[in-house]
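Trainee: Before I describe this model to colleagues, I would like to go through the terms applied to it and ask what each one rests on. Could we take the helix pairs, then the loops?

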Amino acid sequence: TQTTAGRPANEPAQRKQRAQIKARTLRTDRWWLAPAITFAALASFLVYGFWAIFDQSYFVEPYIAPFSSPCLATSCPEGARFLGLAPFGDWWTLPPGILILGLPAGFRLTCYYYRKGYYRAFWLSPPACAVGEPHKKYTGETRLPLIIQNVHRYFFYGAVLIALVLTWDAVLALRDAEGNWGHVGLGTIILWVNVVLIWAYTLSCHSCRHITAGRLNHFSKHPVRYKMWTFVSRLNSRHMLLAWLSMYSVMLADLYVRLVAKGVINFPFA
Ligand code: FES
């Protein structure tokens, strides 16, 4: 007879434990390179995001910086307010970007791919395959606080709302400063490229894939859901790439708008 792990049932107990290797790893390749690059890339995004969220130059007709959109406080310039609304009154004195930060940040923080990235690069848990981790205990995502990662699906719904808002911002970027339609500046193109990548990343989400056709037993009985699932699955196979591309596109789009608003970028088709 065999155990479920495929070992003979009468195998001595000590042989069922992990190999007792003193060295942290026997790998001789540059296993540290991927986590080091991930660390640098994510850290640069966090530093930029922290700066941007407190920066006040987030709007210049017809562009609004993605990190500060939707702008929902009365402190937002009139043209920057989402659909003209300002549900958060004068009592909100912090930068308006903080109001909505939780949705995109929560979406990326709980993303299955980013989890892999920062568990390796920041927590070294473990830093790479076949490399020992410094932690004594491993409880996975079964306890607080990591069990909260399971709310990812709800952040997905929030991320769809943010993607819709950014799409609307990109539509408004087709007007000039006087409100006439037909304007195409460099900012318009940058905002559109960003919004396409944001949608591609959002729809490639594993939760989205499950929402489209998870638990279906008969694809043939649900042709529309099957089509959606096929489309999402194709995107899903590029989820890691889309995570990086959309992260940098949103950062660059945000920076571009702020530089135009500050007058640092100042040419005819900005
Ligand atoms: Fe990455 Fe959902 S799994 S966004």
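Mentor: Let us begin with a cut-off: an angle over 145 degrees between N-to-C directions counts as roughly antiparallel. Bear in mind throughout that this is a predicted model.

Trainee: Why are α4 and α5 called roughly antiparallel?

Mentor: The axes of helix α4, residues 152-172, and helix α5, residues 186-203, cross at roughly 160° and come within 9 Å. Since roughly 160° is set against a limit of over 145 degrees, the two helices are therefore roughly antiparallel to each other. The crossing of α4 and α5 is left-handed. On the α4 side the contact is made by Ala159, Val160, Ala163, Leu166, Thr167, Asp169 and Ala170, and on the α5 side by Leu191, Trp192, Val195, Ile198, Trp199 and Thr202.

Trainee: What makes up the contact of α4 with α5, by residue class?

Mentor: Ten of its residues are nonpolar, two are polar and one is charged.

Trainee: How do you know that α5 and α8 are roughly antiparallel to each other?

Mentor: The reasoning repeats: the axes of α5 and helix α8, residues 239-262, come within 9 Å and cross at roughly 155°, and with the limit at over 145 degrees α5 and α8 are therefore roughly antiparallel. Here α5 passes α8 in a left-handed crossing. The contact involves, among others, Gly187, Ile190, Leu191, Asn194 and Ile198 of α5, and Leu242, Ser246, Ser249, Ala253 and Val260 of α8. By class this contact has 15 nonpolar residues, four polar and no charged ones.

Trainee: What makes α6 and α7 roughly antiparallel?

Mentor: The axes of helix α6, residues 206-213, and helix α7, residues 223-236, come within 8 Å and cross at roughly 165°; the cut-off is again over 145 degrees, and α6 and α7 are therefore roughly antiparallel to each other. The crossing in which α6 passes α7 is left-handed. In α6 the residues His206, Cys208, Arg209, Thr212 and Ala213 meet Arg225, Tyr226, Met228, Trp229, Val232, Ser233 and Asn236 of α7. This contact of α6 with α7 holds six nonpolar, four polar and two charged residues.

Trainee: Which residues does the record mark as transmembrane region?

Mentor: The unreviewed UniProt entry carries that annotation for residues 31-54, 91-114, 154-174, 180-201 and 241-261, and such annotations may be inferred rather than shown by experiment. In the model, the span 241-261 is 100% helix and 0% strand, with its end C-alpha atoms 30 Å apart. The span 91-114 is 67% helix and 0% strand, and its end C-alpha atoms lie 35 Å apart.

Trainee: How do you know whether leucine 83 and arginine 215 are buried or exposed?

Mentor: The limit for exposed is 12 or fewer neighbours: leucine 83 has 8 C-beta neighbours inside 10 Å and therefore counts as exposed, and arginine 215, with 5, therefore counts as exposed. Leucine 83 sits in the loop between β2 and α2, and arginine 215 in the loop between α6 and α7.

Trainee: What is the phi of leucine 83, and what is that of arginine 215?

Mentor: Most residues other than glycine have a negative phi. Leucine 83, not a glycine, has a positive phi of about 55°, and arginine 215, likewise not a glycine, has a positive phi of about 70°.

Trainee: Which residues does a cis peptide bond join in the loop of proline 145?

Mentor: Leucine 144 and proline 145 are joined by a cis peptide bond with omega about 0°, and proline 145 lies in the loop between α3 and α4. The bond from serine 69 to proline 70 is also cis, with omega near 5°, and proline 70 is found in the loop between β2 and α2.

Methods: Residues numbered from 1 in each chain as written. Predicted model: local features only at pLDDT ≥ 70, side-chain atom pairs only at ≥ 80, totals over all residues. Helix = DSSP H or I, 4+ residues; strand = E, 2+ residues; numbered from the N terminus. Axes fitted to C-alpha atoms, helices over the stretch in contact; angles between N-to-C directions. Parallel < 35°, antiparallel > 145°, perpendicular 65-115°, else oblique. Left-handed = near helix turned anticlockwise from the far one by under 90°. Contact = placed C-beta atoms within 7 Å. Nonpolar A, V, L, I, M, F, W, Y, C, P; charged D, E, K, R; others polar. Buried ≥ 20, exposed ≤ 12 C-beta atoms within 10 Å, placed from the backbone.
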